[in-house]
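Okay, hi everyone, thanks for coming. I'd like to walk you through some charged pairs today, so let me put the structure up.

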Amino acid sequence: MNGRHYGFAAWAIPHLKSIFALAVLATPLALSACSGKEELDELALNDTPAEVLFNEGLALRAQGKFRDSTTKFEELDKLYPYSEYSKKSLVNLAYLNYTRGKYTETVTTANRFVTLYPGDEDSAYMLYLVGQSYYHQMPDITRDQATTERAASAFSELIQRFPESEYVPDAERKLLIVQDQLGGKEMQVGRFYLKKRNYVAGINRFKTVVTSYQTTRHVEEALFRLTEAYYALGVISEAQTAAAVLGHNFPDTQWYKDAYSLLNKGGYSPSEDSGSWISRAFKGIKL
């Protein structure tokens, strides 16, 4: 029987199937759009004063109902953006998200507050929460340290911009821990390069420790590794300087004894070149 007697050509069947499939896909999108519109309409019809919403949020927070409190403050922020109560809501939202372990949301909210109100006294607290959020997510030393670097950046900004803040002492303590981890990562990579006899790459890593993390526990080993790497390259003056600086600052350590022994085997001894970058890095630094 010829296909035309069915009222549509046979070639049209796949086309109709495609149209049907698109219609099915469009249905949830339409429902989603309706849902979003209903949410907007509901917000538009909500004429609850900002002060009332804020107090309700505080009450829920006091009752330990953090999720409901978060919802209330989010509602206030949407209804009354850039208002004084919205500003206060952002502080509460950052705190609530941090308390609930929602670090990504904490960072987003806190950074938004700092952007909108850079000079506000609560910006110090917001920077502190950003630093804390990253601090609690720091990975182990074998992994990428981008999160650790963000923690360092937030704590450093807090200390620099708000030196009198009550959050500074703890931020300074945390920053020391953060810097120690960053220095440790540089050492790990530097040791890897030494094992591969890629001495220049290793030196660059140890140089970072000596110049950027010289108050951490890693600086002693870094100076020894510089002695080791420069000696392997035949750059004796720098090897002697690294050993001399190590001996001057850490005379009783095994690292210095090992550096001295290494040079002594070649007939050399620690001798500081004041023009070396190593010497300049330690000028005025009290370890």
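Let's start in helix α8, where D170 and K174 sit four residues apart, so about one helical turn separates them. Keep in mind that this is a predicted model. Those two side chains form a salt bridge, with the closest N and O atoms 3.0 Å apart. And is K174 buried or exposed? K174 counts as buried, because its relative accessibility is 14% and the cut-off for buried is under 20%. D170 is buried too, at 18% relative accessible area.

Now, D170 has another salt bridge, this one with R173, and there the closest N and O atoms are 3.5 Å apart. R173 is also in helix α8, which covers residues 168-195, and it lies three residues from D170, again about one turn of the helix.

Okay, moving along. Which residue does D180 pair with? That's R217: their side chains meet in a salt bridge, 2.8 Å from N to O. D180 belongs to helix α8, while R217 is in the loop between α9 (199-212) and α10 (219-233), so this pair ties together parts that are 37 residues apart in sequence.

Notes: Residues are numbered from 1 along each chain as its sequence is written. This is a predicted model: local features need pLDDT of at least 70, side-chain atom pairs count only at pLDDT 80 or more; totals for chains, interfaces and linings use all residues. Side-chain values use heavy atoms; hydrogens and water are left out. A salt bridge is a side-chain nitrogen of Lys or Arg within 4 Å of a carboxyl oxygen of Asp or Glu. Helices (H or I, at least four residues) and strands (E, at least two) are DSSP runs, numbered from the N terminus. Buried means under 20% relative accessible area, exposed over 50%, partly exposed in between (1.4 Å probe, protein chains only).
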